[in-house]
Amino acid sequence: MNEALEAYKDEESIVNINGHLLKGKGTFPETFLLSFANSWGWGTWKRGWDLFDPDGKKLLRELEARNLTRKFDFDGAYHFTRMLREQIAGMNSSWAIRWNASILKGKLSLNSGRSLVTNIGFDGTGTHCDKYGLFATDLYTGQVKVEKLSLLQENKNAREMLARIYRFDNSYYNKIRVRILNFLHR
């Protein structure tokens, strides 16, 4: 991640580096760009923080006015807009949902094609996580080659792959499976 932070330090269109990647079928590129940020294992520069808007109401109004809620929700694959509304209503305290909404102003995140991060809260001790969490990952311990991408735009194939993962993770079948596993574990 430090290599990527150095490689893209002067690239204004990229505002953060993500080290976490959801587990799913398919092979992601070594690195790729998305107009989406993940809150587990990431880094940014001052220019990124300068974009952060803590006002969830304002961010939601902007997303709606620019017709970006469907994109924000990965084309309906996950309920990020609902999470933002819940943050506004005080039902969660997520800074990450506001960070994600903040970068949808034409900015990008550089992502690793393998997860360099695992959320240890999925061992049952996490505040918002059960043992058999929907978003558990396999930790990649090898080296990710960071080469500066020549085309600085969102990777549509990677976005579609992530949307499929979100659709499965958010599916009724998978939620029931996870609840049963967590119940049996208790």
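1. E6 and K9 form a salt bridge in this predicted model, with 2.7 Å between the closest N and O atoms. E6 is partly exposed at 48% relative accessibility, and K9 is partly exposed at 38%. The structure holds 10 salt bridges.

2. D53 and K58 also meet through their side chains in a salt bridge, at 3.2 Å from N to O. D53 has a relative accessibility of 11% and therefore counts as buried, whereas K58 is partly exposed at 36%.

3. Within helix α5 (residues 80-88), R82 and E86 are 4 residues apart, so about one helical turn separates them. Their salt bridge has its closest N and O atoms 3.6 Å apart. R82 is partly exposed, with a relative accessible area of 44%; E86 is partly exposed as well, at 23%.

4. Strand β4 (residues 108-112) is largely enclosed by the rest of the structure, because 5 of its 5 residues are buried. L108, L110 and S112 lie on one side and S109 and N111 on the other, so that both faces are covered.

5. β4 has two pairings to look at. With strand β1 (residues 14-18) the sense is parallel, over 4 bridges, and N16 stands opposite S109. With strand β2 (residues 31-34) the sense is antiparallel, over 4 bridges; here F32 has N111 as its bridge partner.

6. On confidence, the average pLDDT of the protein is 84, and 81% of the residues score at least 70. Where pLDDT is low, the predicted coordinates should not be read in detail.

Methods
Residues are numbered from 1 along each chain as its sequence is written. This is a predicted model: local features need pLDDT of at least 70, side-chain atom pairs count only at pLDDT 80 or more; totals for chains, interfaces and linings use all residues. Side-chain values use heavy atoms; hydrogens and water are left out. pLDDT is the predictor's confidence in each residue, from 0 to 100. Buried means under 20% relative accessible area, exposed over 50%, partly exposed in between (1.4 Å probe, protein chains only). Two strands pair if DSSP finds at least two bridges between them. A salt bridge is a side-chain nitrogen of Lys or Arg within 4 Å of a carboxyl oxygen of Asp or Glu.
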